Amino acid sequence: MTDSCDAIVIGAGIIGAAVGLELARSGRRVLNVDRLPAAGYGSTGSSCAIIRVHYSTVDGTALAYDSYFDWKRWAEYLGVQDERGLAEFRECGCLVMETEQNGRLARVLDTVSRLGIPFERWDAGRIRAALPIWDLQRFWPAKRMDEPGFGEPTGGALDGAVFFPTAGYVGDPQLASHNLQRAAEAAGGRFLFNRTVTAIPVEGGRVQGVVLDDGTRIAAPVVVNVAGPHSGAINALVGADRDMTITTRPVRQEVVHVAAPQGFDVARAGLVVSDGDIACYIRPETGNHFLVGSEDPECDPREVVDPDGFDRSLSDQAVTQALRFAQRVPSLAVPPRPRGVADLYDVSDDWIPIYDRSCVDGFYMAIGTSGNQFKNAPVAGRLMAALIDHVEAGGDHDRAPLRFRLRHVDHTVDTATFSRRRAVNAASTFSVLG
Ligand SMILES: Cc1cc2nc3c(=O)[nH]c(=O)nc-3n(C[C@H](O)[C@H](O)[C@H](O)COP(=O)(O)OP(=O)(O)OC[C@H]3O[C@@H](n4cnc5c(N)ncnc54)[C@H](O)[C@@H]3O)c2cc1C
């Protein structure tokens, strides 16, 4: 059986669905193919879905702030309803602790000031008033729970933080992906689930479409790799990895949920908190729980795994993260086997994504999202559609990278920041913070 369309998007996670939406809006007949049964069932479904604006580069920060406005006006951005309802963005704000290691956020504050992003500086008194169960003693450097000195204060106390009001989280990342699917379908896009792309034929240097696991061949002059942790495998299928200086790999991550101490109302008082001193990020979770993720300190293993066969049960890593958070909140009760999720980041060499064409004409990639691009799905969709329009119209993106004007923020992105052929960006945090 042969079918044809103008563009095929491999993957229907939050970014794949957003790319499908914007390609459909640009007038293309577009098909998203996903091996799983529904949109957002891959790594997106496990996402903490934190929306925040502090990143290490100006362009990374600008993308995040541009997308913030889409999350805030989600119904308007989608332009359609969904029979399952719309995902909710809970705008509780994000508090980032100032530490010596993050340079007391001087560079971040310079960047957000340039982009007009609002923020407040909080002193220790203000932090304690907002988070009365927090103990501000210092614990840096992070350790494993079996290392000597784990859990013991290392002297001094945190004395400041920066609060970003334009931040929060999306409660149901899978529903957000479904919302994008419905919007894409309303614009003429199609979705095919339970089908795996097994081959990507190329002729005369140009991609021809895809072949699926049931033998179906779908012809298309444009194919976009948005396969998340399978991105490296998809690039290898088509030989798109030949000229890349930045590569991607599936890295296992655990996120743990812990019950809040009695009397603390997470829904009312909870914020997103990024706390480099204990190498954790925290956000409210349902059932009066905190969700605790890792900010990837050097002592933690970087577990590169087979994306088709990794262990989804929680390990000592989850307990370590919960205990690190208990350093900050001593009244927290950490059960011996806490609940949570284990899933994969698609990590690039500098933890900054790749939004680019490839060396194969017609083959593009939105990959290497490194645990920090859920929030950027709306702008990533627009950027990829603009990039594909530009290159397919003859633009030489490799020689003169597209300059991409943001929709909501007065900033033009130099897309070379997200090139597959860039040098490793030394300004990155080399962690989930990007
Ligand atoms: C635990 C965790 C916490 C995170 N927290 C945050 C956060 O707080 N904030 C934030 O901004 N980001 C966060 N992220 C990152 C964010 O979730 C990802 O960047 C985003 O979900 C990636 O979306 P995607 O569409 O690119 O990939 P995915 O959701 O992984 O989708 C890729 C899809 O491709 C499909 N696929 C793969 N191979 C094939 C094939 N051969 N044929 C057909 N289909 C295929 C898969 O089935 C999958 O559905 C987190 C990620 C994880 C894992």
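Which residues of helix 10 are buried? They are Ala-377, Pro-378, Val-379, Ala-380, Gly-381, Arg-382, Leu-383, Met-384, Ala-385, Leu-387 and Ile-388. A residue is buried if 20 or more other C-beta atoms lie within 10 Å of its own, exposed if 12 or fewer, and partly exposed in between, with C-beta atoms placed from the backbone.

## Model and numbering

This is a predicted model, in which local features need pLDDT of at least 70 and side-chain atom pairs count only at pLDDT 80 or more, while totals for chains, interfaces and linings use all residues. Residues are numbered from 1 along each chain as its sequence is written.

Helix 10 covers residues 377–392, 16 residues in total. Helices (H or I, at least four residues) and strands (E, at least two) are DSSP runs, numbered from the N terminus. From first C-alpha to last, helix 10 reaches 22 Å, close to the 22 Å expected at 1.5 Å a residue; the expected span is 1.5 Å times one less than the number of residues. Just after helix 10, Gly-394 has a positive phi of about 105 degrees.

The largest nonpolar core contains 124 residues, and Val-224 and Met-384 have the most contacts inside it. Such a core is a set of buried Ala, Val, Leu, Ile, Met, Phe, Trp, Tyr and Cys residues joined through C-beta atoms within 7 Å. Contact between two residues requires their C-beta atoms, placed from the backbone, to lie within 7 Å.

## Two domains

The protein chain is divided into domain 1 (2–86 + 172–247 + 350–418) and domain 2 (91–167 + 249–345), with bounds from an automatic or database domain assignment. Their C-alpha centres lie 29 Å apart. The contact takes 22 residues from domain 1 and 25 residues from domain 2.

On the side of domain 1 that touches domain 2, strand 4 (50–51) and helix 2 (58–72) are the elements giving two or more residues. Helix 2 gives the most, with 6 residues. The residues of this side divide into 10 nonpolar, 10 polar and 2 charged. Ala, Val, Leu, Ile, Met, Phe, Trp, Tyr, Cys and Pro count as nonpolar, Asp, Glu, Lys and Arg as charged, and the others, Gly among them, as polar.

## Ligand shell

Around the ligand there are 40 residues, of which Gly-11, Gly-13, Gly-42, Ser-47 and Gly-228 come nearest. A residue is near a molecule or strand if its C-beta atom, placed from the backbone, lies within 6 Å of it. Both domain 1 and domain 2 give residues to the shell, so the ligand shell lies between them. Strand 21 gives the most, with 4 residues. By class, the shell has 20 nonpolar, 16 polar and 4 charged residues.

## Gly-16

Gly-16 is in helix 1 (residues 14–25). Gly-16 counts as buried because it has 34 C-beta neighbours inside 10 Å. Leaving aside neighbours within four places in sequence, its contacts are Val-9, Gly-11, Asn-32 and Val-226.

## Backbone features

A cis peptide bond, with omega about 0 degrees, joins Trp-140 and Pro-141. Pro-141 lies in the loop between helix 5 (124–130) and strand 8 (160–164).

Asn-288 has phi near 55 degrees, a positive value in a residue other than glycine. Asn-288 lies in the loop between strand 19 (280–285) and strand 20 (289–294), and is partly exposed, with 16 other C-beta atoms within 10 Å.
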